[in-house]
Amino acid sequence: RLRERLEQALIAGVPGLRVNAPGGSVGHLHVTLPDINAEVALIALDREGIGVSAGASCASGATDASHVLTAIGMPDAEARCSLRISLSFATTEAMIDRATVVVPRTLAALIPART
């Protein structure tokens, strides 16, 4: 339920965002961002107190595109624009309430202007 709320807030609040494996694992939400480098998004969200990950969990700290995503056929450019958001037994409704506001606002502000 919490993951679904966050997923819907991201879809509604970030134009062009794609959810990878909609309705997938209850503990993970994986998204590809619209022309936003994942590392840039990660830093912006960290400044807001929101922790997310870029890349595969088994490659923590890597700066390359996720080898897992490229291995399943995702183009390198899209893999570099993908984030993994994890939820756990400790994730509270209040955390999701905050994330449904902060994450879409922060990501939408990073979308490059189209001319």
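Helix H2 (residues 38-47) packs against helix H5 (residues 93-110) at an angle of about 135 degrees, and their axes lie 10 Å apart. Keep in mind as you browse that this is a predicted model. H5 also packs with H1, at an angle of about 20 degrees, and H1 in turn lies across the strands S1, S2 and S3.

**H2 against H5**
- The crossing in which H2 passes H5 is right-handed.
- On the H2 side, the contact is made by Val-40, Ala-41, Ala-44 and Leu-45.
- H5 contributes Val-103, Thr-106, Leu-107 and Leu-110 to this contact.
- Sorted by class, the residues of the contact of H2 with H5 are seven nonpolar, one polar and no charged.

**H1 against H5**
- The axes of H1 and H5 are 9 Å apart, with an angle of about 20 degrees between the helices.
- Angles under 35 degrees count as roughly parallel, and H1 and H5 are therefore roughly parallel to each other.
- H1 and H5 also make a right-handed crossing.
- From H1, the residues that meet H5 are Leu-2, Arg-5, Leu-6, Ala-9, Leu-10 and Gly-13.
- Their partners in H5 are Glu-93, Ile-96, Asp-97, Ala-99, Thr-100, Val-103, Pro-104, Leu-107 and Ala-108.
- This contact of H1 with H5 holds 10 nonpolar, two polar and three charged residues.

- Three strands form an open sheet in the order S1-S2-S3, and their pairing is antiparallel.
- Strand S1 (18-20) and strand S3 (82-86) are the edge strands, each pairing on one side only.
- From one strand to the next, the twist averages 30 degrees.
- Strand S2 (residues 28-32) and S3 run antiparallel and are joined by five bridges.
- His-30 has Arg-84 of S3 standing opposite.
- Helix H1 (residues 2-13) lies across S1, S2 and S3 and runs at about 15 degrees to S2.

**Confidence**
- Across the chain the mean pLDDT is 83, and 80% of the residues reach 70 or more.
- Confidence is highest in H2, at 94.
- Helix H3 (residues 67-71) has the lowest confidence in the chain, at a mean of 63.

Definitions and conventions
Residues numbered from 1 in each chain as written. Predicted model: local features only at pLDDT ≥ 70, side-chain atom pairs only at ≥ 80, totals over all residues. Heavy atoms only, no water. Axes fitted to C-alpha atoms, helices over the stretch in contact; angles between N-to-C directions. Helix = DSSP H or I, 4+ residues; strand = E, 2+ residues; numbered from the N terminus. Left-handed = near helix turned anticlockwise from the far one by under 90°. Contact = heavy atoms within 4.5 Å. Nonpolar A, V, L, I, M, F, W, Y, C, P; charged D, E, K, R; others polar. Pairing = 2+ DSSP bridges. pLDDT = per-residue confidence, 0-100. Parallel < 35°, antiparallel > 145°, perpendicular 65-115°, else oblique.
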